[in-house]
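Here's a walk through this model, one neighbourhood at a time. Keep the structure open beside you as you read.

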Amino acid sequence: MSLGALCRRPLAVARAVLAALCGRLGALCWSPAPLYLSLLLLLPLPGRRRVSAPRPATPADTRRERDDWSPTPTSVNYHFTRQCNYKCGFCFHTAKTSFVLPLEEAKRGLAMLKEAGMEKINFSGGEPFLQDRGEFVGKLVQFCKQELKLPSVSIVSNGSLIRERWFKKYGEYLDILAISCDSFDEDVNVLIGRGQGKKSHVENLHKLRQWCREYAVAFKINSVINRFNVEEDMNEQIKALNPVRWKVFQCLLIEGENSGEDALREAEKFVISDEDFERFLDRHKDVSCLVPESNQKMRDSYLILDEYMRFLNCRNGRKEPSKSILDVGIEAAIKFSGFDEKMFLKRGGKYVWSKADMKLDW
């Protein structure tokens, strides 16, 4: 008798014993078949290879899954120009180039983002209203709302170059206008770099607030808290302006932009501690529209496109660009963005951002 036959005999005997046992149990059980089948499954069939349990995931597996995962570009900040008419000392997106994409190429990239899941686009700079006296950004705003039908289209601006005629032409397509204002003291604005000769930044802010009411655009204020304004009490002024959101940022250092040898700014003198930032927030805790963002929340929770439509990864403290979405597509480029989607949601990155849903009393 062969060795294989000898090995199979004990198994055959065992299976016969089990069959007989289950037959006897049939008199006592309503349905012996499940028991019989379950017992048989415990025994390996001749020639069948035993299936091993799946091995635990290793760190290498986790890294591969992370590398293959692509976030959805739900909310994108497109800094289509680096040029600006202000010289804010802490600026972290400085005028290192003068490049601006042709309008049709910018539209092509925006359409690609919409196809990939974009719901909100924010146009920023630099100063967005410098290019073609606001016509460039106006045409992009109209395209995104009218043709792409995005739920939310917004702009961040210093406000100095916006005229009422722009609102008349493009206001209906804009959901939110965010104006940067770091102080309600003009001397402090000059120290920061937001001064423009005899023009009052604060007076212009109030004028823009009124135009937003008249042309049904949600009004927002962005403030960077730094060494020169950290002791200021802005409660009264913010409540009087009544923005839909008051975004309060902690001054952030980005190597190559406002810090380091190849930077165009030296922002070290503007930096405040986490404790200083928390004290400012505590002083304004009764402002209902306050949305604070510390350095930790800011650094990785924004999807930033530069003037070439490259995602900028800030995880290592400097802006490291991906390849352009126009060259490699959204999925390939966004993997290098460093975007922390969980932090984006944690900081309240997704909110009621369409003016149609805000139900504001214009």
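His201 sits in helix H8, which covers residues 201-214; helices here are DSSP runs of H or I with at least four residues, strands are E runs of at least two, and both are numbered from the N terminus. His201 is buried, at 5% relative accessibility. Buried means under 20% relative accessible area, exposed means over 50%, and partly exposed is in between, using a 1.4 Å probe and protein chains only.

What does the side chain of His201 reach at 2.8 Å? That would be the backbone oxygen of Ser180. Setting aside neighbours within four places in sequence, His201 also has contacts that include Tyr86, Asn158, Glu186 and Arg194; a contact means heavy atoms within 4.5 Å.

## What kind of model this is

This is a predicted model, where local features need pLDDT of at least 70 and side-chain atom pairs count only at pLDDT 80 or more, while totals for chains, interfaces and linings use all residues. Residues are numbered from 1 along each chain as its sequence is written, and side-chain values use heavy atoms, with hydrogens and water left out.

Now for the overall picture. The protein chain has 15 helices and ten strands, and 48% of its 362 residues count as buried. Take the contacts between residues at least 6 apart in sequence: 73% of them join residues at least 24 apart.

## Where H4 and H5 cross

Helix H4 (residues 103-115) and helix H5 (residues 135-147) have axes that come within 11 Å and cross at roughly 35°. The axes are lines fitted to C-alpha atoms, for helices over the stretch in contact, and the angles run from 0 to 180 degrees between N-to-C directions.

Which residues of H4 and H5 meet? From H4 come Leu103, Ala106, Lys107 and Leu110, and from H5 come Phe136, Lys139, Leu140, Phe143 and Cys144. Those residues divide into seven nonpolar, no polar and two charged. In this scheme Ala, Val, Leu, Ile, Met, Phe, Trp, Tyr, Cys and Pro are nonpolar, Asp, Glu, Lys and Arg are charged, and the others, Gly among them, are polar.

Lys145 lies in H5, and its side chain makes a polar contact of 2.8 Å with the side chain of Asp175. A polar contact is a pair of N or O atoms within 3.5 Å; within protein, one must be able to donate a hydrogen and the other to accept it, and residues adjacent in sequence count only if both atoms are side-chain atoms. Beyond four places in sequence, Lys145 touches several residues, among them Leu150, Val153 and Tyr173.

Leu150 is in the loop between H5 and strand S3 (152-157). Leu150 is buried, with a relative accessible area of 1%. Its contacts, again leaving aside neighbours within four places, include Lys114, Met118, Ile121 and Cys144.

## Thr94 and its glutamate

Thr94 is in the loop between strand S1 (75-79) and H4. Is Thr94 buried or exposed? At 2% relative accessibility, Thr94 counts as buried. The side chains of Thr94 and Glu257 are joined by a polar contact of 2.8 Å. Not counting residues up to four places away, Thr94 touches Arg82, Glu257, Leu264 and Arg265.

## Cysteines

Cys84 is partly exposed at 33% relative accessibility, whereas Cys251 is buried at 1%.

The peptide bond from Gly125 to Gly126 is cis, with omega near 10°. Gly126 is in the loop between strand S2 (120-124) and H5. Asp132 is also found in the loop between S2 and H5, and has a positive phi of about 55° although it is not a glycine. Asp132 counts as partly exposed, at 48% relative accessibility.

Met309 has a positive phi as well, near 60°. Met309 is in the loop between strand S8 (303-305) and strand S9 (310-313), and is buried, with a relative accessible area of 0%.
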